Amino acid sequence: MPAFDRLSGAARTAAELASRARDPGFIMNARRTLLPLPVVDRPPRPPRPPRPVFPPTRARPALALRDRRVALAGGAGGGRTVALIGVARAFEEAHDEPSLISACSGSVLWAAMWAAGLSPREMADFSLSWRPQDYLGIQWARAPRAALAAARGFAGIAKGRALESLFDRRLWHMTAGETEFPLRTLVYNLTRRRLETFGTEQTPELRLGELARIAMATPSEAVRVEGNLYIDAARLEPQPATRLMMDRLDHVFALDVTGRGHVRGDDRLTPIEPFDEPVSSGMDLYDLFIDRRRSPECMLAGYRAGRDALTPFTRSPVQRRPSKARKAAHS
């Protein structure tokens, strides 16, 4: 069964890759990112001030969530998980901050920024300012490796140490124990072959850069922590909301970027689903690390979906009007 899943995933990635390859800009961007030419690809000009991704802020206080313990779960994914920045903007307009955020895979990148205290605008600006050399280790001498990574769905193409350094520089080498609110990440212990949880309460001494690196780690680039090797746990548990529902929380919002409706809502669980169409994991990783032109669109999708999910909570709990019998009794 796992072999069939890998084969079908590779087939979906190949189909999407063939479809996107019809766009000349797609091919040029991929070549420039993966295999830059010393003469042709000159150093980029100084970046212009980024345009605002989101519309002007509009207050939408979530009155029904006041004084309640609210958590957010960031599901597995690649480039689409940048929608979490839009969700953060929706929470900002709701005047609400999560009591806890739990994430895995790509969602850890944005969850770490949010928990570190960056505003949604700062998160968006930081994300859009990334350059390929900040997190990729592609050179002409490693061209076969780049081709192999593409064939495998672009998994492992990011350089773990470079990504860790990128986050350490921007997030002031902050540790998980120093965040504005608690952060959890799901990890897999390769040494002991079990799922574990890292974060503010569990591993307060780990830096957010280390958590980001583990979230993107494949078995060949596993990260050693206290003698054990760790990678992302998304393949085994792609939605942290399952574990959050076992905690003593008043409400959980779960970001699902798969486009497959994997999260079923109930009285305590509200899904946030920015995308209607599914995407292969390979092309989703491509959008995260190679062609990031869709990131603003994904952020906006996350903002709209988060705003819609929070709308039912913008009204205070309905108070019953006293009945005529009660009025007569009081009089």
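Reply: Leu84, Ile85, Val87, Ala88 and Phe91 of helix H3 meet Ser107, Trp110, Ala111 and Trp114 of helix H4. Contact here means heavy atoms within 4.5 Å. Helices are DSSP runs of H or I with at least four residues, strands are runs of E with at least two, and both are numbered from the N terminus.

Me: Where do the coordinates and numbers come from?
Reply: This is a predicted model, in which local features need pLDDT of at least 70, side-chain atom pairs count only at pLDDT 80 or more, and totals for chains, interfaces and linings use all residues. Residues are numbered from 1 along each chain as its sequence is written, and side-chain values use heavy atoms, with hydrogens and water left out.

Me: How do H3 and H5 pack?
Reply: Helix H3 (residues 83–93) and H5 pack at about 165°, with their axes 9 Å apart. That makes H3 roughly antiparallel to H5, a label for angles over 145 degrees; under 35 is roughly parallel, 65 to 115 roughly perpendicular and the rest oblique.

Me: Which residues make that contact?
Reply: H3 gives Ile85, Ala88, Arg89 and Glu92, and H5 gives Pro120, Met123, Ala124 and Ser127. By class, the contact of H3 with H5 has five nonpolar, one polar and two charged residues.

Me: What about H5 and H12?
Reply: Helix H5 (residues 120–128) and helix H12 (residues 295–310) pack at about 155°, with axes 11 Å apart. That makes H5 roughly antiparallel to H12. In this contact, Ala124, Ser127 and Leu128 of H5 meet Ser295, Pro296 and Met299 of H12. Those residues divide into four nonpolar, two polar and no charged.

Me: Switching topic. How many aromatic pairs are there?
Reply: The structure holds 10. Rings of Phe, Tyr and Trp (its six-membered ring) pair if their centres lie within 6.5 Å; planes under 30 degrees apart are stacked, over 60 edge-to-face and the rest tilted. Trp114 and Phe181 form an edge-to-face pair, 6.1 Å centre to centre with 90° between the planes.

Me: Which parts does that pair tie together?
Reply: Trp114 lies in helix H4 (residues 107–116) and Phe181 in the loop between helix H8 (160–170) and strand S3 (183–189), so the pair ties together parts 67 residues apart in sequence.

Me: Last one: where is Met245?
Reply: Met245 is in the loop between helix H10 (241–244) and strand S7 (251–255). Not counting residues up to four places away in sequence, Met245 touches Val252, Asp266, Arg268 and Leu269.

Technical notes
Axes fitted to C-alpha atoms, helices over the stretch in contact; angles between N-to-C directions. Nonpolar A, V, L, I, M, F, W, Y, C, P; charged D, E, K, R; others polar.
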